[in-house]
Amino acid sequence: MNDKSLKRNRMYYEFAHLWPLISPPEEYTEEAKHWKKALRDKLGPGRHEILELGIGGGHNLSHLTSEFKATGIDISSQMLANSMKLNPSVEHHLGDMRNVRLGRRFKAALIHDAISYLVSEAEIAATFDTARAHLEPGGVLVISPDWFRETFPGTYISSEIKRRDGNELGLTEYWHDADPDDTTLEGVFVYIFEEEGRLRVEHDLHVTGLFPLQTWLDLMRDAGFEVEKRPYPVHTENWESYLLVGVLGNG
């Protein structure tokens, strides 16, 4: 597609105030059960300290804060503001998950679908270095790329109407793999909503990574994690998906 007129990732900046409407917290209830189980299976009982990299609006994390003491990092101050409202008990920091350093260690690090915005193996490796730098020996890393090379369904389009608190938004997503030989996908989003009594139609471009499952496993192992993949049946379209759960070795 490569339409240079389209700005990237407007959802997380210019339209971040729409995020609770675009992707409401309650839609993460089933997903969060899988994250909670992975953490409990590896960490056991207790109110462990966890770190989410790329927290976004904090919607997935909002289902975990009653059981874990959480800290969140995101590159967008607008999305952090959303999470601060939703998760007042969470400590928030502005930063890039590829290079941020808090100088502290946690029992677990989580990266929800923000991991999908890494578009090269170097960016993935740098982010895993960030996770490792923030984990105690034996700490846990949990990630969930939206798609793997093997599971991307091909050109994909979805449309829906979102309603919340008296507001309404039409959302269409069009995803395609313009070049099967590279490591990226392109997604064009169309938002239709009313603002100050007038209808707005806006476009947004998202470029995300697309890598084989084995690449993710290998890069986690290269970063010092023992890795397992867990079925993650949370998508309404029923495409194949996994949580990747790594435990940091003592070396």
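Me: Which element supplies the largest share of the lining of the second largest pocket?
Reply: A pocket is an open set of points on a 1 Å grid over the protein atoms alone, where a 1.4 Å probe fits, with protein on both sides within 12 Å along at least five of seven lines; lining residues have an atom within 4 Å of a point. Here strand 8 gives the largest share, three residues. Helix 1 (19-22), strand 7 and strand 8 each contribute at least two. Helices (H or I, at least four residues) and strands (E, at least two) are DSSP runs, numbered from the N terminus. The model is predicted, so local features need pLDDT of at least 70 and side-chain atom pairs 80 or more, while totals for chains, interfaces and linings use all residues. Residues are numbered from 1 along each chain as its sequence is written, and side-chain values use heavy atoms, with hydrogens and water left out.

Me: Which residues line the second largest pocket?
Reply: The lining consists of His17, Leu18, Pro20, Leu21, Arg164, Asp165, Gly166, Asn167, Glu168, Phe193, Glu194 and Glu195.

Me: How do the residues of that lining divide into nonpolar, polar and charged?
Reply: There are four nonpolar, three polar and five charged residues in the lining of the second largest pocket. Ala, Val, Leu, Ile, Met, Phe, Trp, Tyr, Cys and Pro count as nonpolar, Asp, Glu, Lys and Arg as charged, and the others, Gly among them, as polar.

Me: How many bridges join strand 7 to strand 8, and how many join strand 8 to strand 9?
Reply: Strand 7 (residues 167-176) and strand 8 (residues 184-195) are joined by eight bridges and run antiparallel; His176 faces Glu186 of strand 8 across this pairing. Between strand 8 and strand 9 there are twelve bridges, again antiparallel, with Gly187 opposite His206 of strand 9. The hairpin of strand 8 and strand 9 has two residues between the strands, and Glu196 there takes a positive phi near 50°.

Me: How many aromatic pairs are there?
Reply: Rings of Phe, Tyr and Trp (its six-membered ring) pair if their centres lie within 6.5 Å; planes under 30 degrees apart are stacked, over 60 edge-to-face, and the rest tilted. The count is 15 aromatic pairs. One of them, Trp175 with Phe189, is edge-to-face, at 5.8 Å centre to centre and 80° between the planes. Trp175 is in strand 7 and Phe189 in strand 8, so this pair ties together parts 14 residues apart in sequence.

Me: Is Trp175 buried or exposed?
Reply: Buried means under 20% relative accessible area, exposed over 50%, and partly exposed in between (1.4 Å probe, protein chains only). Trp175 has a relative accessible area of 5% and is buried. Phe189 also counts as buried, at 5%. Another edge-to-face pair is formed by Phe211 and Trp216, at 5.8 Å centre to centre and 85° between the planes; both Phe211 and Trp216 are buried.

Me: Which residues do ring pairs link into a cluster?
Reply: The cluster holds Phe15, Trp147, Phe152, Tyr156, Trp175, Phe189, Tyr191, Phe193 and Trp239. Phe193 is also one of the residues lining the second largest pocket.

Me: Which strands stand at the edges of the seven-stranded sheet?
Reply: This open sheet has the order 3-2-1-4-5-11-10 and mixed pairing. Strand 3 (91-94) and strand 10 stand at its edges with a single partner each, so one side of each has no neighbour in the sheet. Strand 1 (residues 49-53) pairs with strand 4 (residues 106-111) in the parallel sense over three bridges, and Glu52 stands opposite Leu110 of strand 4. Ile50 lies in strand 1 and is buried at 0% relative accessibility.

Me: Why is strand 11 largely enclosed?
Reply: Six of the seven residues of strand 11 (residues 242-248) are buried, so the rest of the structure largely encloses this strand. Strand 5 (residues 135-143) runs antiparallel to strand 11 and is joined to it by four bridges, with Leu141 opposite Gly246. Strand 10 (residues 225-231) is also antiparallel to strand 11, over seven bridges, and Lys229 stands opposite Leu244.

Definitions and conventions
Pairing = 2+ DSSP bridges.
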